[in-house]
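Work through the exercises below with the sequence and coordinates open. Try each task before reading its solution.

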Amino acid sequence: MILELLYLAVLFIFILYLIIQVFKCKVTTLDKAKIEIEKRVQDEFQVRSHQLLMKRGELESIKDPDSKYDGMISWREEIEQYYKDYNAQIEYELEQLNVVRIKF
Amino acid sequence: MFAGYSELLNELNSWLWLATIILPFLVLLTRSGNRSYFVVAAVWCSVQLLNLKIEGFLWETSKNNLIYWFGTWATIDALSIILVLASHKTLKIKLGFEAFSISICIAILALLQIGTYIDGAVLKTYLMKEAYTIGVNTGNLANALILSVPLLSVCLNTFKQRRRAM
């Protein structure tokens, strides 16, 4: 009986270890690097995104509808440009990562 | 308590192995699965066929000592997870949704086997008797359903495309 229980205890611990391994295998090293890059780019773009949010607040307080409309249009263009730059930066950083990977 | 559900599961379970084998072929025909899917499908199909092959023999052997019954199933489950992980590491691919879900499901089934043995043979409380039957059958059904996910997503996409075209 002791041997049986010992075997089951070892098997139980081993299955728990396998569950941890399954969770680890779900994300590859490259995925982790991508997440890190996205975090870094987000930090770099933090000031710009904050400025855009502040501008939105200022536009909301404008009372003249024509000026508000024009402001909103230009704000929307700025937002689109922001996302373009943001995605381009991530792509650039990922390319750099690939260069590093090939090099080493 | 779950008599109707248990009966339904038992009926389904006798046909489940067939569905488990057919589903990957259908996914292959529709080209909707990735490498991770086929790895886990191959492992799960092998486990199902092995189950069918050894179930009778194992039942006869384990009449005197239930450790052979529960221990063997738990060991087979653990080995199948190892096989899934090792194949993914060898092929250098990451676990997809299906592989991840089926691996976790198999791990839960293995823990259920261990728990039921401890409950029935060591503590002799027999609290998990019903949970074991329902749990194992539900696990098998869940794995078969997970194997059909790529097919379901293809069907859903086709339906959406046709709806847009109309």
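**Exercise 1. Salt bridges in chain A**

With which residue does A:Glu93 form a salt bridge, and how far apart are the closest N and O atoms?

Conventions come first. This is a predicted model, in which local features need pLDDT of at least 70 and side-chain atom pairs count only at pLDDT 80 or more, while totals for chains, interfaces and linings use all residues. Residues are numbered from 1 along each chain as its sequence is written, chains are lettered from A and ligands numbered from 1 in the order in which they are written, and side-chain values use heavy atoms, with hydrogens and water left out.

Step 1. Find the partner. A:Glu93 pairs with A:Arg40, with the closest N and O atoms 2.3 Å apart.

Step 2. A:Glu93 sits in helix H4 of chain A and A:Arg40 in helix H2 (residues 29-44) of chain A, 53 residues apart, so the pair links distant parts of the chain. Helices (H or I, at least four residues) and strands (E, at least two) are DSSP runs, numbered from the N terminus.

Step 3. Check the cover. Buried means under 20% relative accessible area, exposed over 50%, and partly exposed in between (1.4 Å probe, protein chains only). A:Glu93 has 12%, so A:Glu93 is buried. A:Arg40 has 45%, so A:Arg40 is partly exposed.

**Exercise 2. Two further bridges**

Step 1. A:Arg48 belongs to helix H3 (residues 46-61) of chain A and A:Asp85 to helix H4 of chain A, 37 residues apart.

Step 2. A:Arg48 is partly exposed at 29% relative accessibility. A:Asp85 is partly exposed at 26%.

Step 3. B:Lys63 counts as exposed because its relative accessibility is 56%. B:Glu60 is exposed at 52%.

Step 4. Over all chains, the search finds 6 salt bridges.

**Exercise 3. The nonpolar cores**

How many residues does the largest nonpolar core have, and which have the most contacts inside it?

Step 1. Define the set: buried Ala, Val, Leu, Ile, Met, Phe, Trp, Tyr and Cys residues joined through side-chain atoms within 4.5 Å.

Step 2. The largest core has 44 residues. Those with the most contacts inside it are A:Ile15, A:Val22, B:Ile81, B:Leu85, B:Leu95, B:Tyr132 and B:Leu147.

Step 3. Assign the contributors. Two or more residues come from each of helix H1 (2-26) of chain A and, in chain B, H1, helix H2 (35-61), helix H3 (67-91), helix H4 (97-122) and helix H5 (129-147). H4(B) gives the most, with 12 residues.

Step 4. Inspect one member. Leaving aside neighbours within four places in sequence, B:Tyr132 is in contact (heavy atoms within 4.5 Å) with B:Trp69, B:Phe70, B:Trp73, B:Leu112, B:Gln113 and B:Thr116.

Step 5. Apart from this core lies another, of 9 residues, among them A:Val41, A:Leu52, A:Tyr86 and A:Ile90.

**Exercise 4. Cysteines**

Why is B:Cys105 too far from the closest cysteine sulfur for a bond?

Step 1. A disulfide is a pair of cysteine sulfur atoms within 2.5 Å.

Step 2. The closest cysteine sulfur to that of B:Cys105 belongs to B:Cys45, 15 Å away, which means it is too far for a bond. B:Cys105 is buried at 15% relative accessible area.

Step 3. B:Cys155 is in no disulfide either, the nearest cysteine sulfur, that of B:Cys45, being 19 Å away. B:Cys155 is partly exposed at 48%.

**Exercise 5. Chain B overall**

Summarise the fold content and dimensions of chain B.

Step 1. Chain B has 6 helices and 0 strands.

Step 2. Its C-alpha atoms fill a box of roughly 60 × 40 × 25 Å along the principal axes.

Step 3. Of the 166 residues of chain B, 43% count as buried.

Step 4. Among contacts between residues at least 6 apart in sequence, 70% join residues at least 24 apart in chain B.

Technical notes: Salt bridge = Lys/Arg side-chain N within 4 Å of Asp/Glu carboxyl O.
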